[in-house]
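Subject: Structure handover

Hello,

My notes on it follow below.

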Amino acid sequence: MTGIQLTPQDTIERGLALAAAEGADGCVVLVAETSSTNLRWANNTLTTNGAMRGSSVTVIATVGAGEGTAAGVIGRSSVTEDSLREIVSAAIATARAAGPAEDARPLVDGTTGADWDLEPEETTVGVFEKFAPSLGESLKRASAEARHLYGFANHEVVTLYVGSSTGLRLRQALPRGYVSSTGKNTDLSHSAWVGTATRDFTDVDPLALDAELTRRLGWANRTVSVDAGRHPTILPPAAVADLMTYLYWQLDGRDALEGRTVFSKAGGGTRLGEPLSSQPVNLHSDPALPGLEAFGFAVARSSGGSSSVFDNGLTLAATDWIRGGKLEHLMTSRYTAGLIDAPTATPDIENYVVSVDGATGSTDDLVAGLGNGLLLTCLWYIRMVDPQTLLLTGLTRDGVYLVENGEVTGAVNNFRFNESPVDLLSRFTTAGATVPSYSREWGDYFSRTATPPLLVPDFNMSSVSQAN
Amino acid sequence: MYRVGVVPDIDASFLALPRQELAAAALQRARDLGATFAEFRLERIRSESISLRDSVLESAKDDEDLGLAVRVIHDGTWGFAAGVALTTDEAVILAEQAVNMAQVSRPINAETIELADEPTYDDVTWISSYEIDPFSVPRAEKVALLTDYSDRLLKAEGVAHMSVHVATIHECKYYANTAGTSYTQQRVRIGPDITAHAVAEDRFDSMSSTAPPAGRGWEYMTGTGWNWDEELAQIPAWLAEKMAAPTVEAGTYDVVIDPSNLWLTIHESIGHATELDRALGYEANYAGTSFATLDQLGTLKYGSPAMHVTGDRTAEHGLSTVGYDDEGVAGQQWDLVKDGILVGYQVDRRMAKKNEDVLGTPRSNGCAYADSSGHIPIQRMANVSLQPAPDGPSTEELISRVRNGIYIVGDKSWSIDMQRYNFQFTGQRFYKITDGKLEGQLRDVAYQATTTDFWGSMEAVGGPQTYVLGGALNCGKAEPGQSGAVSHGCPSALFRGVRILNTTQEAGR
């Protein structure tokens, strides 16, 4: 275990060679090198920090099993030259002990990518070189002005290497960062939040974030109690991302086919081709989207409704999930694409864009056009209540504001909501332009999103929450 | 102690790792660089996930996460670094990185970090209570058992599809700090999820096993600690009844809640609300704070006098049960709510020291935990449990006290606000109670309440014969996000006047 550490490329080449020597019919080796650094603060002071490195190797061995093919999957971190042999042997033994896999397909063919020989990319605490002093200044300013700041800044780089016995040699490095900051007023009776995704922290200014928090906390100088009920409500892009990310994760093709999701057709089959909305709404993914770049090939360490270990390395193409309000694609592996009669596999992609044809303007523009209603900041603790309608419950958080005659005139209490994002796609009356967004609920896992603000005339606030 | 029968050994392959050498190198380097305190962890977490769909193996994966971490206090500031190479050179580098992290962070740290005292434990060993290491059982044997379970349900009338998933975890940890504590600890846990699905022309639904995850080994799947034969035989009928059940009429009802549902309400509305880091605002940007603020310790009326809630890291088969926490503090048990009044919190060494005057004790109750070597120890949840009444009633006796109500079994959907006031839960099965008797299932049910109102409405708790240890493998908290496993024991309990929603109406249908 304390033996020689290999480079990712050597790990893959040796792993594939060992698998061939031990009689595997096929093999895929995935290597993920990760590095991350973070700062966390609360009550205007640092609470935790860290610099972490990780390295994991996943070996997927395939062998003949009767008339089919079986797979064995073993994942390990801290892999050395000595332990790699054990991992490959274990993967082959696991495959030999298994029956034929229903999702078995020929491994993906490929060639060597142009950047294959490059080393893993890394991040260090240096990424915060300008951010940290500015953050310190904002914390001091908040203390001096009797406000309280709480937040987290994270930066990570994941470098993926995929090699297969069918010639695939792929490498891609992706940075990802985000900052999320909450402000509270002196007596902690009101809070506000801002969050943003970033690739390198050069475009994030803690003082500007604090200024926006201060502006929002100022809105709470007037407070108004609002009862539960259905209210005209503006969801800013972050709140739309909070809901649409959940919808995105429900696009599993096999689950829909088997009558488990809102995308199941009554009586059997899927709702592919059906209109979900009468409005020109689009939900689109593309690994090459500028600013939202995602991995451009499938990476599956286990098989499921929309993924297959046999599909590793499959090129991910731009995909319209919903176009013009109509359900166009569901997430599938090559195997499950066949189950739902889809012409090609459409695995999930780690980004999405929601847009409404012809929509323009910002959240502020929607506020200016609203006579009386609510402006949300973000949503939180979102969970499924009923998969048949994709009814979700959750809470408003860190700032719900009263809009009167086109202006924010005060802060109101928080609410519990019960709503379906699929229904909202039909019920919104005004949409703004799509902009990069950061989901409060899911952004730490899924931050590559772009969404518009939406005005929903009858958003269901089920009850009042005392939280502030 | 609860240990009976054959006690497993610490895994020999973990003991073969150079844990003391790595720790010595890291701690010495931290001392040389001026750290006033340093701690080292070497962790290996093996995990296996097996999934079947309609009795066909869909996925099986065997993972291992192995790495080391160093945390220091340098110039009164935390610094943390983690890596994966098991060499003394790497251990030294991590100590240097941790100190560097503390130095970079010093300008934004306004609090000098001090830790509560704890006795030292020199080279001690602790192993959780289980019989069969899941990783010693051949994969084929496990798949065969799960296929049998799935087949039993899939062959039943009305079951259209089946999902079976079992997660097993084997965690080995070596900890050492500059105060002189060092321990080696091994824990095993298991989490099954078996769900039958039904599809009709106009609707679909599901019914899941209520078997909780547990700090047990593979013996759990073969009948030790859970009666699989009995439950699997009933699931198809429960599902069929649910598919044919009438929709609930929204309103206010008295409810009897089974432990299979109540554990999750305890988790969200008591477990998290009595975490002192939340009460102090450390989680304000992420998991949220707590209405149960420190100034209310000893006075906050949390619930009815029938409410006695304990925190512990000692319960046999508890998912949060340890010998020692990730700051070298020994496992303990203490009161959180007594006679309905808030009397305690879950804390780590930093919070214990800073708040010792208010807490009334200078010692941490051992709630520091990191979910892997790659993450920072934070305050995580102990096993938080509602105690039964010593001579309390049975579940049937509680139901007999209800004229118009609902009996709630099994967990499903859950959500609570950022200060742990407003919650909403659904469940697996909801039975109409009329004049003290069950009248069959209802559907489309959710219950919604405010924490102190809800616990204040608790009229009675069941006796020890109704007590079940529930729990979860995947409680999320902290930034970067960490996953924690925790158990919650509770009896059945009777609540008066709870708001019941009709979820179909909530959807505007």
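Predicted model: local features only at pLDDT ≥ 70, side-chain atom pairs only at ≥ 80, totals over all residues.

Two strands count as paired if DSSP finds at least two bridges between them.

Strand β3 of chain A (residues 68-77) pairs with β2(B) over 3 bridges, in the parallel sense. Within β2(B), the residue opposite Ile74(A) is Asp62(B).

The contact between the chains involves 82 residues of chain A and 74 residues of chain B. On the chain A side, strand β2 (residues 45-65) contributes the most, with 11 residues. That side of chain A, where it touches chain B, consists of 42 polar, 26 nonpolar and 14 charged residues.

Chain B itself is assigned two domains: domain 1 covers 12-243 and domain 2 covers 251-506. Taken over C-alpha atoms, the centres of these two domains of chain B are 22 Å apart. In chain B, 42 residues of domain 1 are in contact with 39 residues of domain 2.

Several elements of chain B each supply at least two residues to the side of domain 1 that touches domain 2. Among them are the strands β1 (37-53), β2 (56-74) and β3 (77-83), as well as α5 (228-243). β5 (161-177), β6 (182-199) and β7 (204-208) of chain B also belong to this group. By class, the residues on that side of domain 1 of chain B are 19 nonpolar, 13 charged and 10 polar.

Regards

Notes: Residues numbered from 1 in each chain as written. Chains lettered and ligands numbered in written order. Domains from an automatic or database assignment. Contact = placed C-beta atoms within 7 Å. Helix = DSSP H or I, 4+ residues; strand = E, 2+ residues; numbered from the N terminus. Nonpolar A, V, L, I, M, F, W, Y, C, P; charged D, E, K, R; others polar.
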